[in-house]
Amino acid sequence: MNFLQQQDPDIWTAIEAEATRQREGLEMIASENYTSPAIMQAAGSVLTNKYAEGYPGRRYYGGCEHVDVIETLAIERAKKLFGAEAANVQPHSGSQANTAVYLSCLEVGDSVLGLDLAQGGHLTHGMKLNISGRLYHFHSYGVDPKNHRLDFDQIAKLAREKKPKLIVAGASAYPREIPHDRFAEIANDVGAKLMVDMAHYAGLVASGQHNSPVPYADYVTTTTHKTLRGPRSGLVLCKEENLKLVNRNVFPGTQGGPLMHVIAGKAVCFAEAMTPEFKAYGKAVVENAKTLADTLLAAGLPLVSGGTDNHLMLVDVTALGLGGKKAEAVLDQCGITVNMNMIPFDERKPMDPSGIRIGTPALTTRGMGTEEMKRVGGWIHQGLSHPDDSALHQTIRSEICELCKSFPVPAERCN
Ligand code: PLP
């Protein structure tokens, strides 16, 4: 019996429509993915009924014996997966993981360095409306105007001038590998702590495609739903000596009861990420991104930094006489989902910037490879080159729908 369809057809119909969208189109938002059916099952389980404030063995509620097993497994698996001394698996999101770390090592008004939002940083790295920018004195570093790579001379200079208590590394829209050792060197020189927010590339770290921040950083935070392919959530990794403070600043500092159903999903995700299949997945994500980037470059589309080392790329669509907003809408018509994005030194506004961000994690999960990426690159170029040709967009959409039939999404494979 379909309980939801019977009880609440409006919600059921919208969920079905979203499932169709995810099945029949190309999901290329760099921060999205398809979780496994096992993770979906854990996240949709009876655990959503349970309150469990506190930590395993030290709860403020009765009946926690089973959720204690689950949270302990999640912690142990997270530590093993990333080689970390300690882990807190309770943050509801990446933003809450970051906030808990800030509360653990900063006082209101302290000086912090983070990557400029307009050059690839995240809201939680000091944007003025975010709690990070409201409580702390963030100074933004950026990329080199010539090659769009992190400008370590500028970062070192800023660190000497501003004497930050914390340096935040990590990004939401940076297409290159981040050298954590260089951040650690600068933090050491100025006596700052280092936090690495690996939200975007955690799955690449887990699969050995990106260097790990764990040996270099005092705190590592991540989301679990991007390249890591888990449920929508957050995680903090740290040294054993910092765990007590981190725990206190997750609960009761910023959250109440943990979402035990999501923690169970994270435990399943961490186990999946330790398999040989996940290693192969990470490698394929990067190969696919490189092939797609090469295809777009060959078609004459300029990419920020000239390419990619990871799972994403940023295309400057102004070269085609478009803004990012229109480019996103055109690709939507074609059945390709991306997001408009600022590019470094953008002269346009955030609501209609110069770029779009494109990622390969979700298509790689469907099993698409480099041959498919060449076709996808062709469609992107064709669609964007004829932004007002609705008939062409419909043709592309049909061709994409046909391709998608050969690459079922994980939930479909179980039917
Ligand atoms: N950190 C980075 C680098 C991100 O890209 C994101 C999300 O896009 C976050 C943190 C925040 O994650 P959430 O949306 O789960 O709060």
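1. The axes of helix H15 (residues 370-385) and helix H16 (residues 390-405) come within 10 Å and cross at roughly 165 degrees. H15 is therefore roughly antiparallel to H16, a label given to angles over 145 degrees. Axes here are lines fitted to C-alpha atoms, for helices over the stretch in contact, with angles running from 0 to 180 degrees between N-to-C directions. Helices (H or I, at least four residues) and strands (E, at least two) are DSSP runs, numbered from the N terminus.

2. This is a predicted model, in which local features need pLDDT of at least 70 and side-chain atom pairs count only at pLDDT 80 or more, while totals for chains, interfaces and linings use all residues. Residue numbers start from 1 along each chain as its sequence is written.

3. In the contact between the two helices, Glu372, Trp379, Gln382 and Gly383 of H15 meet Leu392, His393, Ile396, Ile400 and Leu403 of H16 (contact: C-beta atoms, placed from the backbone, within 7 Å). By class, this contact has 5 nonpolar, 3 polar and 1 charged residues, with Gly counted as polar.

4. An open sheet of 7 strands has the order E4-E10-E9-E8-E7-E5-E6 and mixed pairing (pairing: at least two bridges found by DSSP between two strands). Strand E4 (86-88) and strand E6 (137-141) are at the edges with a single partner strand each, so one side of each lacks a neighbour in the sheet. On average, neighbouring strands of this sheet are turned by 20 degrees against each other, direction ignored.

5. Within the sheet, strand E5 (residues 111-115) and strand E7 (residues 166-169) run parallel and are joined by 2 bridges. Valine 112 stands opposite leucine 166 in E7.

Conventions. Parallel < 35°, antiparallel > 145°, perpendicular 65-115°, else oblique.
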